[in-house]
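Subject: The two-chain model, and what turned up in it

Hello,

Here is the structure I promised to pass on to you. Have a look around it first, and then read on for some notes.

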Amino acid sequence: MSIRILFDESLCTACGACAIACMDQNDIDTEGGQRPYRRVTKTEIGRIRCISSACMHCEEPACASACAAGCIYRDEKSGLVLYDNSDCAGCHACEAACPYDAVSFRMDVFGCEKMEKCDGCYARVFSGMKPSCVQNCPTGALKVRT
Amino acid sequence: MIKEPFSLKEKIKAKIPGEDTGILLKASFCDICSPAPSCGVNCFVKDGKLLKAEGIQGHPAGNGVLCTKGLAQRQYVYRKDRLKVPLKRIGARGEGRFEAVSWDEALDEIAERLNAVKNEYGASSAAFFSGYNKWYRPFLQRLCYSFGSVNYGSESSTCFLATVMAWKSMTGCETTMPDRKNAGTFLGWGFNPYYSRNMGPAPEGGRKGNEKVIIIDPREMPAVRLEADLFLQIRPGTDGALANALARELILRDKIDHDYIEKHVYGFEEYRAYVMDFTPEKAEAITDVPAEKIREAAAVIGGNLPLAISHSSSTIVHHKNGFQNQRAIYALSAITGSFDQKGGNIPSPDTYAHTRAGFATNVERFELENYPGEGPQRVGAGQYPLWNELIPEMQANALADQILSGEPYPIRAVMTHGMNYRMFQADMRLKKALEELDFFAVADLFMTDTAKMADIILPCASSLERSELKVYPGPKAWYTHPVIDPVGDVRSDTDIIIELAKRLDIKDELLRSGYDACLKYIFEGTGLDVDRIRAAEGELVPLEETKTVRPGEFIFKTPTGKFELYSKVIEKYDGFCPLPQYSDGSSEADPEEYPLQLVAGGRLPSSMHSRLNDVPWLRSLRPQPMADLHPEDLDERGITAGERIRIRTTEGEITAAANPSSAVKRGLVFMTNGYPEADVNSIVPHGHNDPYTGYPGFRNVRCTVEKL
């Protein structure tokens, strides 16, 4: 099953519900400096623009090419860019390569940073639910297409 | 590669409910922006712990969605400063040193100390106060009166009740619901449903349909882009001038409902004569809304009736002239014949505990029947006589003054649930007053700065840890049950009140007989069977036998039996104007020295007064206190985004970071309330209050801003 998360800017209010839903789903450690996989940006000078953004699940992911440890890969079945961070050295090369600034780092119990990112909540979707951010978007700006 | 079936570890990580993962889905509700809307929460629970919160599909509040605030349920319920056991002060008042005590010891001490004040000074020298939560309020109010004190009060001394006073003075009803679905025009006045109570069951929570939508706001909020046909960007606190100008245009265009006015409106001629002075040009000079836009808005309304007006609890009435501004807006409902008509504003009774499910109950009798017949006047009665006549509560804005002065009689003890002194203007006065009490007891979820000043602290249960009977439009009823293990030895607010009733040695068998017995009394004769709802195992039950209000059935409860544009109730008071008179609401200060207008209390999607400040996920969305100003106002002062600024009024100063926002009208400084480190209410001047209601003029304070 392919999974795409769609975003309609005209409906977004930058309320941040998607970001909080992501934090709750993924136990994001904001106190440890971690940021959620999805976040909102509000441009308030001039024309007001509201954006919710996360990993775009690129067909040719620059983060995967940049990762020397080979943590990141594209899953053909779902079309999602997924990862296994067991070998992550916390070098941030993936973050530098990502044009969407969509990579997050969590400090593990040994004080090492490990990359994390949006996985499309694939386990939820395959279980008949929506991605957490989509489920809780109050205006329908976020949708999922399977 | 994604491989199915998923391993158990993968499913637990993704929080997939099921027998294998041990994760249960349990239904409860969110109490963060309580009491309405009380959105349904699907709690993902494992081993008694909350793992995740989501909306409940099909629930009347939220329908599957939670807002920014509600989604942080887990961090709210498990906030690090949750109170877990009853505490007794061992250090000096306010020092913050406590020892754990048993519930018996804590409750006995409260009862003993309240009785001591009653014996020495009289029962009314003990005040009972409720902070922002509302679900237990009928019980606390009844306890106060059964104890013999007239001084029950609440946070509603600054929220919502001024709008009730406006409706009461004109119609005798408490509030109305806009019937937006059937409206020709929807007037969204200070309408911000995307950031505030956005999932509510109230009709205006619905999105735009076929009606024309006019949004009136000093900020370009999301409702403008998503819903508005017309946007009027107004200077805060000038709403009355705009409403009167719209009325003039509607009268001149003959878009008023003559039959309705003839039958149901009192004082139209005096009103007509008064509003004729408000030409669009004059209104433009006051409101900054261009005259052409005022004419355009009147044309839209006149061409698309009936008119439904949004309900706002605070934005309009948080002004020194707020009561009259609110009445000027409501007058539009009368002259267009929209009041109590399909597509207009439908009177809506308080069902119970400040929730509205479309039917009335015996709640007012429950709250008021033990009111002490012989006693002194309530706090604030002398200062705010109209409030005192229309609202059966003390006006708590006068509480600090009475504690500090002892006039007209002393207040020596305060028992409160959820009090936050920072909700009041010039709030350090109240803090000082609380320090001087003989006895101060606080029931709360959290160790707040106010709780730290208490002699006894009682730990309360969150909505997920207790039971409550909830009612929703439909109407439907729901008896919830605890869905997670409590964080400690916590109790529900109503249990605390009932336990106190037992120990205070008062004659109130009903209150002493428990929560369900009280509910049965409140709902008797309404078709809501408390036992049946309770037995429904957490399912929402439709109330098929309950009769709900319908448009056209309302009977005016005014002296003339009509919609009073000229209020006979207000006429009695010297210096008050029975018509919706417009006056300037600025604070008293030199406009040259204080050229900007501070608007204290503008909402953020991630905050709710002070209660979410210490919820890390929400705090991460706006980590530091910020003031929103138009970029040009900041440019003129050489201030760039993120720089520290000082906001100064005649009352004091605070510091915050500058946030340039083109959404804000020029000349304004928007600042959310509730930050201990940047407490904007502390610089709202003492005495800057609406004489009709006592409400502080939070949103119209002359100020100056400079770079630090």
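Below is a short tour of what was found.

Please keep in mind that this is a predicted model.

Let's begin where the two chains meet. The contact draws 27 residues from chain A and 38 residues from chain B. On the chain A side, helix 1 (17-26) and helix 4 (122-126) each supply at least two of the touching residues. Helix 1 of chain A gives the largest share, 7 residues. By type, the chain A side splits into 12 nonpolar, 9 polar and 6 charged residues.

The rest of the tour stays in chain B. Its domain assignment lists domain 1 (8-77), domain 2 (176-347) and domain 3 (596-707). The C-alpha centres of domain 2 and domain 3 of chain B are 27 Å apart, and the contact between them takes 18 residues from domain 2 and 23 residues from domain 3. The domain 2 side of that contact has 5 nonpolar, 9 polar and 4 charged residues.

Helix 8 of chain B is mostly covered, with 12 of its 14 residues buried; among them are Leu242(B), Leu246(B) and Arg248(B). What do those buried residues pack against? Their partners are strand 9 (185-189), strand 10 (212-217), helix 10 (268-275), helix 11 (280-287), helix 12 (291-303) and helix 13 of chain B. Just after helix 8 of chain B, Asp254(B) has a positive phi of about 55 degrees.

As background, nonpolar side chains tend to be buried together in soluble globular proteins.

Setting aside residues up to four places away in sequence, Leu143(B) touches Phe128(B), Ile497(B), Leu500(B), Ala501(B) and Leu511(B). Ile497(B), Leu500(B) and Ala501(B) are among the buried residues of helix 18 of chain B. That helix, residues 493-503, is mostly covered, with 8 of its 11 residues buried. Just after helix 18 of chain B, Asp505(B) takes a positive phi of about 60 degrees.

Now for the strands. Strand 2 (residues 40-46) and strand 3 of chain B run antiparallel and are joined by 6 bridges, and Val41(B) stands opposite Gly55(B) in strand 3. The two strands form a hairpin with 2 residues between them, and Asp47(B) in the turn has a positive phi of about 50 degrees. Is strand 3 of chain B enclosed or open? It is largely enclosed by the rest of the structure, because 6 of its 7 residues (49-55) are buried.

Further along chain B there is an open sheet of 3 strands in the order 18-19-20, with antiparallel pairing. Its edge strands are strand 18 (468-472) and strand 20 (541-542) of chain B, each pairing on one side only. Strand 18 of chain B is joined to strand 19 (residues 476-480) by 5 bridges, and Leu469(B) stands opposite Tyr479(B). In the loop between strand 18 and strand 19 of chain B you will find Pro475(B), which is joined to Gly474(B) by a cis peptide bond with omega of about -10 degrees.

Finally, some backbone details. Another cis peptide bond joins Glu4(B) and Pro5(B), with omega of about -5 degrees; Pro5(B) sits in the segment before helix 1 (8-13) of chain B. Asn63(B) is not a glycine, yet has a positive phi of about 45 degrees. Asn63(B) lies in the loop between strand 3 and helix 2 (68-71) of chain B, and counts as partly exposed, with 15 other C-beta atoms within 10 Å.

Enjoy exploring it!

Best wishes

Technical notes:
Residues are numbered from 1 along each chain as its sequence is written. Chains are lettered from A and ligands numbered from 1 in the order in which they are written. This is a predicted model: local features need pLDDT of at least 70, side-chain atom pairs count only at pLDDT 80 or more; totals for chains, interfaces and linings use all residues. Two residues are in contact if their C-beta atoms, placed from the backbone, lie within 7 Å. Helices (H or I, at least four residues) and strands (E, at least two) are DSSP runs, numbered from the N terminus. Ala, Val, Leu, Ile, Met, Phe, Trp, Tyr, Cys and Pro count as nonpolar, Asp, Glu, Lys and Arg as charged, and the others, Gly among them, as polar. Domain bounds come from an automatic or database domain assignment. A residue is buried if 20 or more other C-beta atoms lie within 10 Å of its own, exposed if 12 or fewer, and partly exposed in between; C-beta atoms are placed from the backbone. Two strands pair if DSSP finds at least two bridges between them.
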